[in-house]
Amino acid sequence: MKMNWIPTDFALPAKDGKYIVTKIFGSVNVVDSIIYSSTAREWQTSCDVIAWMPLPEPYKGK
């Protein structure tokens, strides 16, 4: 399954939840998982989020 990054200047998530993000931490881009509030239209981080994607489905085993 291929997942694609969505730049935040293109679109933001439509619903609340936890997402995988690329954020700027100082001068470094960091991948993290962050909670997003669609009502407030903001990420729960002090860093600038530049791209996001939904979390993958969890592993279910055999």
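Predicted model: local features only at pLDDT ≥ 70, side-chain atom pairs only at ≥ 80, totals over all residues.
I searched the whole structure for salt bridges and got two. My cut-off: a side-chain nitrogen of Lys or Arg within 4 Å of a carboxyl oxygen of Asp or Glu. Residues are numbered from 1 along each chain as its sequence is written, and side-chain values use heavy atoms, with hydrogens and water left out.

**Entry: Asp32 and Lys23**

I looked up this pair and found the side chains joined in a salt bridge, N to O 2.9 Å. For burial I call a residue buried under 20% relative accessible area, exposed over 50%, and partly exposed in between (1.4 Å probe, protein chains only). Lys23 comes out buried at 10%, whereas Asp32 is partly exposed at 30%.

**Entry: Glu57 and Lys60**

Here the side chains form a salt bridge with N to O at 3.8 Å. Buried or exposed, what is Glu57? Glu57 is exposed, at 65% relative accessibility. I checked Lys60 too, and Lys60 is exposed at 66%.

**Entry: Arg41**

I then went through the backbone and stopped at Arg41, a residue other than glycine with a positive phi, near 55 degrees. Most residues other than glycine have a negative phi. Where does Arg41 sit? I find Arg41 in the loop between β3 (28–37) and β4 (42–43); strands here are DSSP runs of E, at least two residues, numbered from the N terminus. Arg41 is exposed, with 60% relative accessible area.

Technical notes. Helix = DSSP H or I, 4+ residues; strand = E, 2+ residues; numbered from the N terminus.
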